[in-house]
Amino acid sequence: MAQSEGSSPAKKLIQIDISSDSVCPWCFVGKRNLDKAIASSKDQFDFEIRWHPFFLNPSAPKEGVSKAEFYKNKFGPRSEQIKARMTEIFRGLGLEYDMSGLTGNTLDSHRLIYFAGKQGLDKQHNLVEELFLGYFTQGKYIGDQEFLVESSKKVGVEGAAEFLQDPNNGLNEVNEELRKYSAHISGVPYYVINGKQQLSGGQPPEVFLRAFQAAAV
């Protein structure tokens, strides 16, 4: 994924702002499909992608609760159908959907995603991938700072442990981004492309490709 610096004059820049939550399976599906669309159109466009916070469950406990129990309580009998559907969709992406482990508050992950963005948008994009992979396919807990730091190291983000130790680091910035990018939406993923094309949900690659073309006009 190229960023705007050094963009070829022949290529148009596509800027994508994504509102997402780290425990949203459709956000991961959408990211994988977006990545496919980007890979197939790199000869036409340069891309600048920024991830912004959204809280599906703002009051989720920091200590975490059983993911399977949470879904049973939230969706009742439909939880098994939802699990089967997501398992099928993830397999289509070459991934195994894992319902083990804990779910809970995602604030620390959003603070970290903001922090990664300060070190480079590629690092931020790669960190989001690592967090999704860990949470959805490896039973990792999104509120576990050890997991967050480990994911940061994998993508070359430096100083994550020190940053996360102070719960106030990045807090104002996350709240500001919530107000700016997510206050007007009710669900995620939500994409704004070049400030004019808007998409929501885990769209297939061809929908993103059409949006790139429309946004580049």
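Me: Buried means under 20% relative accessible area, exposed over 50% and partly exposed in between (1.4 Å probe, protein chains only). Is Phe55 buried or exposed?

Reply: Phe55 is buried, because its relative accessible area is 18%. This is a predicted model, where local features need pLDDT of at least 70 and side-chain atom pairs count only at pLDDT 80 or more, while totals for chains, interfaces and linings use all residues. Numbering runs from 1 along each chain as its sequence is written, and side-chain values use heavy atoms, leaving out hydrogens and water.

Me: Where is Phe55, and which residues is Phe55 in contact with?

Reply: Phe55 belongs to the loop between strand 2 and strand 3 (65-66); strands (E, at least two residues) and helices (H or I, at least four) are DSSP runs numbered from the N terminus. Beyond its neighbours within four places in sequence, Phe55 is in contact (heavy atoms within 4.5 Å) with Asp21, Thr106, Leu107, His110, Val174 and Leu178. Its C-alpha atom is also separated by 9.1 Å from that of Ser182, 127 residues apart along the chain.

Me: How many cavities are there in the whole structure?

Reply: Rolling a probe the size of a water molecule over the atoms shows where empty space is left. Here the search finds 2 cavities of 30 Å³ or more; a cavity is a set of points on a 1 Å grid where a 1.4 Å probe fits but cannot get out, and lining residues have an atom within 4 Å of a point. Of its 14 lining residues, Ser20, Trp51, His52, His110 and Ile113 lie nearest its centre. Strand 2 (45-53), helix 4 (107-118), helix 5 (121-137) and helix 8 (171-182) each supply at least two of the lining residues.

Me: And which residues line the second largest cavity?

Reply: Tyr71, Ser79, Ile82, Lys83, Tyr97 and Met99 do, around about 30 Å³ of space. Helix 3 (residues 78-92) gives the most to this lining, with 3 residues.

Me: How many aromatic pairs does the count give?

Reply: A pair of aromatic rings is described by the distance of the centres and the angle of the planes. The count comes to 16 pairs, for rings of Phe, Tyr and Trp (its six-membered ring) with centres within 6.5 Å; planes under 30 degrees apart are stacked, over 60 edge-to-face and the rest tilted. One of them, Tyr191 with Phe208, is edge-to-face, at 4.9 Å centre to centre and 85° between the planes. This pair links distant parts of the chain, with Tyr191 in strand 5 (residues 190-193) and Phe208 in helix 9 (residues 205-215), 17 residues apart. Tyr191 is buried at 1% relative accessible area, and Phe208 is buried at 0%. Elsewhere, ring pairs link Phe28, Trp51, Phe90, Tyr97, Phe132, Tyr135 and Phe136 into a cluster.

Technical notes. On a 1 Å grid over the protein atoms alone, a cavity is a set of points where a 1.4 Å probe fits but cannot get out, and a pocket is an open set with protein on both sides within 12 Å along at least five of seven lines; lining residues have an atom within 4 Å of a point. Grid points are joined across faces, edges and corners, and a volume is the space filled by probe spheres set on the points.
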